Amino acid sequence: MKTNNHSEIGWHMILGAIVFLMLVPIVFALSNSFKTLQDAFNTIFEIIPSHPTLENYRHVFEKLPFVQITLNTFLIAASVTIFKTITSLFAAYSFVYFDYKGKQFFYFIMLSTMFIPFTVTMIPNYLMISKLGLRDCIWGVALPQFADVLGIFLLRQAMRGIPKALIEAARMEGIGSLKIMRDIILPLVRPSILTTGIIFFINSWNEYVWPVLILKSKENYTLSLALQMYISAEGGTEFTIAMAVSVITMIIPLALYLIFQRYIINTFAASGVKG
Amino acid sequence: MNNIVFEHVVKAYGKNVIVNDLNMEIREGERLILLGPSGCGKSTTLRMIAGLEDITSGSLHMRGQVVNNVACGDRGVSMVFQNYALFPHMTVKNNIIYGLKAHKMEAAEINRRLEEVLEILQLKGLEDRKPKDLSGGQRQRVALARAVVKRSDYFLLDEPLSNLDAQLRLRARKELVKIHEMYRPTMVYVTHDQIEAMTVGQRVAIMYRGNMEMLDTPSHVYNMPASIFCARFIGSPSMNIISCQYENGNLSIGDQMIRLAPMWRPIADACPSGKYCVGIRPEHIVLSSRPTETSICGTVKYVEDYGNRYGVYIDVKGEKSELIAICNDSVPRPGENIFMNIDFRKLHLFDAQSEKSLGYPEEIRRLNAALDFSMPDAQNKNQKTGGKYHESFGQYQCV
């Protein structure tokens with residue numbers, strides 16, 4: 001028992017240290033976003049500001065079309081999440097439940113694209129979006145992300161965990177593929193869909209390189225581009241404003257996580273005990 | 001006519017042949033059992049009927065139509081899967097009526113059928129539970145209810161009792177027969193359990209390595225097996241099979257010789273290869289301390305106690321394999337010399353080369369026909385048993 005307690009304390013200390021390291025930048029950003037630039041330089045590690053101010057937030061909302069920027073980011077992330085999930089679901093379903101020639105071959109070809117770096121596909125994608133006239137448009141940012149190998153892979157794995165007999169039982173009832181997908185597959189892989197959805201959303205929310213290539217005007221900016229304005233060489237030293245933008249940027253993904261955390265934890269727990 | 005006809009049906013995965021040239025007719029309204037060891041192709045045969053497996057060559061007829069290319073949902077077939085395949089996110093009620101709802105059946109009719117199956121299968125009060133909250137027996141009944149509620153012409157069951165304990169199995173067997181008697185669908189039942197096959201089936205098809213070895217009533221399968229494989233597969237302990245010589249009406253087993261009964265001689269004379277195997281079931285060997293004209297001598301090697309009877313393992317001089325005999329009382333001791341009396345009405349002769357039965361004398365055929373309670377025609381069976389449940393275990397008959 002004693003050994004168990006000791007090892008438990010050891011684990012808690014390690015986990016505590018990791019949590020601390022992860023929390024430091026968040027608390028740092030939150031705390032400094034409520035300080036004036038002067039205060040921030042004088043008391044940069046003071047957690048609770050001695051003269052709290054909302055000046056940085058006001059600046060952000062006054063000087064930038066910030067509601068528009070947040071909306072842009074949300075629209076891109078939401079549409080990417082929805083379309084990516086739908087395309088991943090259909091592709092995964094076909095890879096698991098349909099029999100056709102070359103199925104394995106196509107799957108591995110598709111899977112291998114996961115190892116192609118973004119920088120390789122960046123230029124062809126840019127040219128395509130240009131030809132479609134979607135430069136400096138949020139849909140130009142979203143469109144190339146509507147299909148994703150990672151999603152297909154994750155959902156295929158989840159569907160493979162569903163006994164084939166369930167699908168056969170539904171087929172014996174004369175149920176078509178779309179209805180099987182809606183009535184049987186979707187409820188059973190819901191935790192996986194939510195997890196992949198969250199991953200898609202956060203990846204798209206944090207996307208920087210692709211939006212910076214496509215978007216030019218400030219009203220089309222996403223949050224990561226807005227943030228860059230304050231932390232780059234052109235942005236100067238207004239780092240308290242940058243902290244305020246950071247705080248706003250993380251609020252929506254954090255809220256989403258809090259709403260769906262039950263499912264996310266369930267999915268990761270289930271993947272741990274399976275088999 | 002809700003029969004099923006297999007015509008030269010082959011199922012192969014590449015070069016691996018799973019079902020080889022299957023020809024069989026499953027009659028309308030009968031209970032046919034597909035019996036065989038694992039990997040013999042029985043489940044594949046069932047799945048071909050269900051439409052879940054494509055047919056490589058040959059044709060499958062249902063209701064007089066070729067159904068090779070008919071989708072499983074359009075064949076009018078219900079199926080109970082081995083692991084029940086209940087939808088885990090649906091309640092018992094929704095599991096049962098899912099198919100009916102999907103086909104937009106009238107709500108009143110759905111409710112009527114639901115109430116009926118819940119009543120028959122004793123599932124009242126469990127309608128709103130999820131499968132995870134049910135016991136194994138209850139799950140099995142829900143799977144059965146889902147198949148019954150469709151009122152299909154064909155009822156397919158893939159080892160539906162294999163996950164139940166022995167007592168539940170016995171009850172479920174009776175329920176299955178009862179349900180079949182109610183609706184009389186054409187029922188095909190896959191199992192590797194010989195007791196299930198003998199008790200549920202009106203006819204039994206024994207499969208081995210993709211081939212159908214025998215198709216007959218349970219009684220005939222037990223009493224007149226068509227091959228050495230069938231003889232060994234049915235019955236426990238399995239039949240003693242001994243290589244022997246036959247000459248001028250004499251049968252040599254090991255170093256001993258017995259005079260074959262006259263009724264067997266024309267059959268033995270007609271053996272194509274001239275190489276013989278004799279088969280005798282352990283329960284048909286009568287042990288005695290005195291010799292008779294039809295007995296062979298042996299030495300008791302060891303005795304197994306089965307609780308209600310004993311298995312006696314006997315070494316026969318000049319014979320490599322030991323024989324097993326069943327006795328109920330006066331058990332001989334190991335090392336004791338003993339005589340095994342052979343009843344020629346219970347004897348089996350096989351061609352040692354083809355491993356097929358050489359056939360049976362008319363007298364034995366008549367005797368077995370009189371004993372056969374499991375008539376292939378369900379109507380006849382009901383008349384014969386007065387509508388009561390009748391179980392045949394091969395060696396025992398219970399009413």
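Good morning. I begin with one residue, B:His180, which lies in helix α5 of chain B. Please keep in mind throughout that the model is a predicted one.

Is B:His180 buried or exposed? With a relative accessible area of 0%, B:His180 is buried, because the cut-off for that word is under 20%. What does the side chain of B:His180 reach? The answer is the backbone oxygen of B:Pro185, at 2.9 Å. If residues up to four places away in sequence are set aside, B:His180 touches B:Gly29, B:Glu30, B:Arg31, B:Pro185, B:Met187 and B:Gln202.

Let us now turn to the sheet beside this helix. In chain B, six strands form an open sheet, and their order is β6-β7-β8-β3-β9-β10, with mixed pairing. Which strands stand at the edges? They are β6, residues 77-80, and β10, residues 211-216, of chain B; each has a single partner strand, so one side of each is left without a neighbour in the sheet. On average, and with direction ignored, neighbouring strands of this sheet are turned by 15 degrees against each other.

The loop between β7 and α5 of chain B holds another residue to look at, B:Pro160. B:Pro160 counts as buried, because its relative accessibility is 0% and the cut-off is under 20%. Which residues is B:Pro160 in contact with, leaving aside neighbours within four places in sequence? They are B:Val80, B:Tyr84, B:Gln140, B:Leu176, B:Tyr189 and B:Val190. From B:Pro160 to B:Ala261, the separation is 101 residues in sequence and 44 Å in space, taken from C-alpha to C-alpha.

Domain 1 covers 4-76 + 152-223, and domain 2 covers 228-359. How far apart are their C-alpha centres? The centres of these two domains of chain B lie 33 Å apart. To the contact, domain 1 of chain B gives 14 residues and domain 2 of chain B gives 11 residues. Between them the two domains of chain B bury about 1100 Å², and 66% of this is on carbon and sulfur atoms. Of the area that domain 1 of chain B buries against domain 2 of chain B, 51% is supplied by B:Gln194, B:Glu213 and B:Tyr222, more than by any other three residues.

Further along chain B is strand β19, residues 337-342, which is mostly covered, as five of its six residues are buried. Strand β15 of chain B, residues 285-288, pairs with β19(B) in the antiparallel sense over four bridges. Within that strand pair, B:Leu287 has B:Met340 in β19(B) as its bridge partner. Strand β16 of chain B, residues 295-305, also pairs with β19(B) in the antiparallel sense, over five bridges. There, B:Thr299 stands opposite B:Asn337 in β19(B).

How many of the nine residues of α12(A) are buried? Seven are, and the helix is therefore mostly covered. The buried residues are A:Leu223, A:Ser224, A:Leu225, A:Ala226, A:Leu227, A:Gln228 and A:Tyr230. For A:Gln228 the relative accessible area is 18%, so this residue falls under the 20% cut-off and is buried. Its side chain makes a polar contact of 3.5 Å with the side chain of A:Tyr208.

Finally, I consider the two chains together. The contact takes 15 residues from chain A and 23 residues from chain B. About 1700 Å² is buried between chain A and chain B, and carbon and sulfur atoms give 67% of it. Which three residues supply more than any other three of the area that chain A buries against chain B? They are A:Glu168, A:Met172 and A:Glu173, which supply 42%. Thank you for your attention.

Methods: Residues numbered from 1 in each chain as written. Chains lettered and ligands numbered in written order. Predicted model: local features only at pLDDT ≥ 70, side-chain atom pairs only at ≥ 80, totals over all residues. Heavy atoms only, no water. Pairing = 2+ DSSP bridges. Helix = DSSP H or I, 4+ residues; strand = E, 2+ residues; numbered from the N terminus. Axes fitted to C-alpha atoms, helices over the stretch in contact; angles between N-to-C directions. Buried < 20%, exposed > 50% of the residue type's maximum accessible area, 1.4 Å probe, protein only. Polar contact = N/O pair within 3.5 Å; in protein donor to acceptor, adjacent residues only side chain to side chain. Contact = heavy atoms within 4.5 Å. Domains from an automatic or database assignment. Buried area = accessible area lost by both parts, 1.4 Å probe.
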